[in-house]
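Let's take a friendly walk through one protein model, going from a strand to a helix and then to a ligand. Keep the 3D view open as you read.

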Amino acid sequence: MAQPFQTRGIGKRNLTKAITVHSFKGGTGKSNLSANTAFALAKRGWNIALLDFDFRAPSLNALFQMNGTKYYINDWLAGRCELHEVLIDLSTQFHTKGQFQVGFTNPSGAAINEMTVHSLNEEWQARVLQLVLDGKNLLFERYGINFQIFDTSPGFALSSINAILAADELILVIKMDQLDIVGTQHLIKGVYNQTLGKRPELIINKVPCNMLQTPEDYLKLKNRLSNKLGIEVISIIPCFCEVLENMSSSLFIEKQPDHQFSQSIAKLASHFESAN
Ligand SMILES: Nc1ncnc2c1ncn2[C@@H]1O[C@H](COP(=O)(O)OP(=O)(O)OP(=O)(O)O)[C@@H](O)[C@H]1O
Ligand SMILES: [Mg+2]
């Protein structure tokens, strides 16, 4: 049974990092990658806060089968509750060594509408950015969280920009699709580099298996996209029918820890543990 947020003296304490997972196009795998990596890190003993910052199409509630909670991230941003009241402790349910805290976003039509209206208001956005930055410090300093992981909306949503601004490590997830590659190129040059002054890293996800038959294929694809987009490729993940068949109804890595997808997630977790 999910528990409300409690401070617990577990987890390793020598590393803090906010990771924001974003993309140009929708459906690249952000929510599944964020949730599975968060779980993998919590299993290894890190204290995790996974935050659903996709206010247009909230997903983590469905992935964790969470049918309602007292407070959502929407309520925190609107000043109706404190950040710690939003977080649900899933550590017991998922048998993780570190804290596994998840902040859900309200999937109701009324809540999505409320956030859409607010998102057009510059004052609201500035206040939200300050809340996110203050919340980041609070989670690290008072609650002993090691990794905050923001799962965001694709494209230019302002709430995603706030999560991008709060990030210590920024991840763009891309599919092998020309529309996505070209759009991502514009996103990196026009928004990340010029406007936000941020340098993301790339995950190439859902790559057709026949493009990845040999280790050389991985290397060639890595170099090709790295050169084209001017950023480092940190992971290449094939498209697996088993992941699609899971229908985002649970944490894939928990159900099939030995699968190649789960091994890719484990490598990503190692990357986040080691990269500065
Ligand atoms: N490596 C993979 N192989 C096969 N299917 C995958 C893989 N990664 C993700 N998927 C599937 O792709 C679909 C989209 O994934 P997900 O919802 O995580 O993407 P998203 O980027 O969060 O989407 P949105 O932009 O709408 O929030 C899901 O059905 C998921 O199971
Ligand atoms: Mg998503």
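Strand E2 (residues 17-22) is mostly covered, with five of its six residues buried. Here, buried means that 20 or more other C-beta atoms lie within 10 Å of a residue's own, exposed means 12 or fewer, and partly exposed is in between, with C-beta atoms placed from the backbone. Helices (H or I, at least four residues) and strands (E, at least two) are DSSP runs, numbered from the N terminus. The model is predicted: local features need pLDDT of at least 70, side-chain atom pairs count only at pLDDT 80 or more, and totals for chains, interfaces and linings use all residues. Residues are numbered from 1 along each chain as its sequence is written, while chains are lettered from A and ligands numbered from 1 in the order in which they are written.

Which strands pair with E2? Strands pair if DSSP finds at least two bridges between them, and the table shows two partners of E2.

| Partner of E2 | Sense | Bridges | Residues facing each other |
|---|---|---|---|
| E6 (residues 147-152) | parallel | five | Lys 17 and Phe 147 |
| E7 (residues 169-175) | parallel | four | Ile 19 and Glu 169 |

Now look at helix H7 (residues 122-141). Its buried residues are Val 128, Val 132, Gly 135, Lys 136, Leu 139 and Phe 140. Seen down the axis of H7, they fall within an arc of 120° (taken from the directions from the helix axis to the C-beta atoms), so they line one face of the helix. On the other side of H7, Glu 123, Ala 126 and Gln 130 are among the exposed residues.

Finally, the shell around ligand 1 has eight nonpolar, ten polar and three charged residues. Ala, Val, Leu, Ile, Met, Phe, Trp, Tyr, Cys and Pro count as nonpolar, Asp, Glu, Lys and Arg as charged, and the others, Gly among them, as polar. Helix H1 (30-43) gives the largest share of this shell, three residues.

Technical notes: Expected span 1.5 Å × (residues − 1).
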